Amino acid sequence: MLGTYVAGVGAAIEELLAQSQRAADSGQHRQGAQQAEAVLADQTATDRQLANARELLMLHRLRLGDYRTSVQQGLLALEYYTAHGDLLAQSKVHCTLALAFSDTALNETALHHVLGARETARACGNPTAEFWALTRLSLVHGAMDDAVRAEDLGKQALALALTLHKPETSFVAVNNLGDTYLAIGRAMLARGEDASEPLNAGLVLMRQAASLAQLHENPFHEAIARTNLLSLLVGLGQHDEARDQGLQGKALSKTHGYRSLEIDIDAQLAELARAAGHLDEATAMMEAQLANPDVDDEPALLAKLHRSLFEMHKAGGRYARALAHHEQLHEVTLQMTVQTAGLQSQMLINTIEIEQARHEVEKSKVEVRVERLRAEKLFDEAHTDPLTQLANRRGLDRELPWMVRGAHTETQQLCAAMIDLDQFKRVNDEHGHATGDEVLTITAAMLRTITRSADLAVRVGGEEFLIVFADTNLVEAGIACERLLSAVRNHEWHSIAPGLECTVSVGLAALGNEESVPDWLARADAALYEAKRTGRDRIHFDSPDGSSANPSLLL
């Protein structure tokens with residue numbers, strides 16, 4: 001029952017996320033935001049579902065003008081996706097963050113995110129993600145008044161969109177490039193220049209965008225395209241068609257509840273009436289818009305309306321009314337400046353706080369790793385002979401038991417080689433302890449050359465060493481130890497100290513069945529004593545049954 005219940009909860013969360021995504025696609029951002037927030041409030045949601053909800057809420061809040069929340073949720077989503085290496089999701093979030101920062105005139109931060117979007121899109125090899133990064137990069141450069149770069153990037157995005165064969169990317173590529181030409185045209189008109197070339201280029205693209213939206217039955221896209229067509233046609237002086245496009249766009253917006261678009265179209269229709277010379281009609285339309293409480297949420301539109309009414313009343317000699325609108329324009333502009341500055345500060349503070357929190361987490365992780373490495377180093381040092389860097393007695397006590405257990409489990413043989421430098425006291429007495437230490441170090445290096453990673457080499461103490469050969473019989477161990485004897489015997493010890501010569505003696509014993517480790521090592525030690533007693537620089541073998549043999553017979 002519990003599994004069924006959890007699965008049901010998970011399905012409900014996934015459905016909420018799907019509904020929020022559909023709301024984003026259709027422009028129903030208030031509804032979509034509520035659905036995403038419902039997921040965030042659900043304590044059964046997984047971290048991945050929470051990140052997805054934050055990503056959706058970021059987009060919805062952006063479209064609703066709540067830039068602070070949009071950025072906050074976006075940065076939290078980005079943190080999750082970055083930690084989990086989800087490059088595609090990172091690119092999508094970067095794109096939306098770029099829009100939020102661009103809309104609030106934080107263009108450098110927007111550029112940082114859009115470049116991050118392009119980098120992660122290319123890293124994951126997703127052409128659709130790269131398209132979105134290109135089109136957002138075009139938008140940011142347009143906001144930075146770099147019209148040439150914005151146009152070039154818009155063309156690149158359009159060329160890429162043609163290879164994707166997706167309705168949304170095709171529409172966005174055409175619409176956004178057309179919007180870029182509209183922005184270029186408006187800037188030229190403001191300078192008193194002929195803007196017919198960019199406006200006509202934009203008009204061709206925007207007609208195509210409207211057709212694409214109709215073809216794919218997307219009323220939100222169609223309303224956007226017709227809104228842009230209205231602006232382009234007004235700029236070109238084609239007032240009749242401009243009015244027709246505006247009315248179609250308004251009807252779509254009203255039918256589907258695109259309130260923000262409807263308000264924007266009403267403002268443009270008022271400007272159209274003004275451009276056509278119908279000043280009384282334009283004035284009445286603008287005054288009616290000012291009386292609409294929904295316009296209070298559109299400060300940029302308020303400023304535009306007050307500016308237009310100020311200019312029209314002034315031109316008509318209605319100076320008192322013109323002055324009233326000029327004062328309101330000043331008040332709205334001041335509020336916008338203060339709000340924008342405050343919003344920018346809040347967004348940057350949010351960014352800094354989240355980055356700082358992330359750095360603190362990373363710092364904690366690094367500190368944990370450092371402490372673990374320090375503990376491992378101390379542990380290794382406690383089990384390692386500082387002079388030879390071989391294992392010491394503690395290392396032997398740590399490693400040997402599991403080697404013995406493994407040998408018994410796998411029915412493998414273990415051989416112990418007790419090794420001692422012959423007459424080492426004479427080396428120290430005649431050549432000094434520093435030379436003696438060097439001899440020990442060189443001998444340890446020679447031990448390493450005859451051992452494998454599975455073997456264990458130990459400095460037992462003083463000049464005595466032990467090698468435990470894993471999965472090795474007496475004959476194989478004897479061959480390895482003969483190489484050691486030869487290496488020590490033939491080493492150029494005189495290069496360290498004149499007249500210096502060294503040899504080693506070895507006692508070898510194989511671990512017997514059911515034999516204790518102390519007994520086994522005692523036999524190897526006894527074999528070493530016998531090797532020294534019989535002349536040194538040799539190996540003495542001791543079998544588990546207590547017999548011994550001459551090394552030449554075994555080899």
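Cys415 has Ala510 in β4 as its bridge partner, and that strand is a handy way into this model. The model is predicted, so local features need pLDDT of at least 70 and side-chain atom pairs count only at pLDDT 80 or more, while totals for chains, interfaces and linings use all residues. Residues are numbered from 1 along each chain as its sequence is written, and side-chain values use heavy atoms, with hydrogens and water left out.

**Strand β4 and its neighbours**

- Helices (H or I, at least four residues) and strands (E, at least two) are DSSP runs, numbered from the N terminus.
- Two strands pair if DSSP finds at least two bridges between them; β1 and β4 do it in the antiparallel sense, over seven bridges.
- β4 also pairs with strand β5 (residues 539–542), this time in the parallel sense and over four bridges.
- In that pairing, Gly507 stands opposite His540 in β5.
- Strand β4 (residues 504–510) is mostly covered, with seven of its seven residues buried; buried means under 20% relative accessible area, exposed over 50%, and partly exposed in between (1.4 Å probe, protein chains only).
- In a regular strand the side chains alternate between the two faces of the sheet.
- For β4, both faces are covered: one side has Val504, Val506, Leu508 and Ala510, the other Ser505, Gly507 and Ala509, all buried.

**Salt bridges**

- The structure holds 26 salt bridges, counted when a side-chain nitrogen of Lys or Arg is within 4 Å of a carboxyl oxygen of Asp or Glu.
- Asp385 and Arg459 make one of them, with the closest N and O atoms 3.3 Å apart.
- Asp385 sits in the loop between α16 (319–382) and α17 (393–409) and Arg459 in strand β2 (residues 456–461), so this pair ties together parts that are 74 residues apart in sequence.
- Both Asp385 and Arg459 are buried.
- Asp420 and Lys532 form another salt bridge, their closest N and O atoms being 2.9 Å apart.
- That pair links distant parts of the chain, 112 residues apart: Asp420 is in strand β1 (residues 414–421) and Lys532 in helix α21 (residues 517–533).
- Asp420 counts as buried because its relative accessibility is 10%.
- Arg533 and Glu530 also meet through their side chains in a salt bridge, at 2.4 Å from N to O.
- Both lie in helix α21, three residues apart, about one turn of the helix.
- Arg533 is exposed at 53% relative accessibility, whereas Glu530 is partly exposed at 21%.

**Aromatic pairs**

- There are three aromatic pairs, where rings of Phe, Tyr and Trp (its six-membered ring) pair if their centres lie within 6.5 Å; planes under 30 degrees apart count as stacked, over 60 as edge-to-face and the rest as tilted.
- Tyr80 and Tyr81 have ring centres 5.7 Å apart and planes at 75°, so they are edge-to-face.
- Tyr80 is buried at 16% relative accessibility, and Tyr81 is buried at 2%.
- Phe220 and Tyr258 are edge-to-face too, at 5.0 Å centre to centre and 75° between the planes.
- Phe220 lies in helix α11 (residues 219–235) and Tyr258 in the loop between α12 (239–256) and α13 (259–275), so the pair ties together parts that are 38 residues apart in sequence.
- Tyr258 counts as buried, at 6% relative accessibility.
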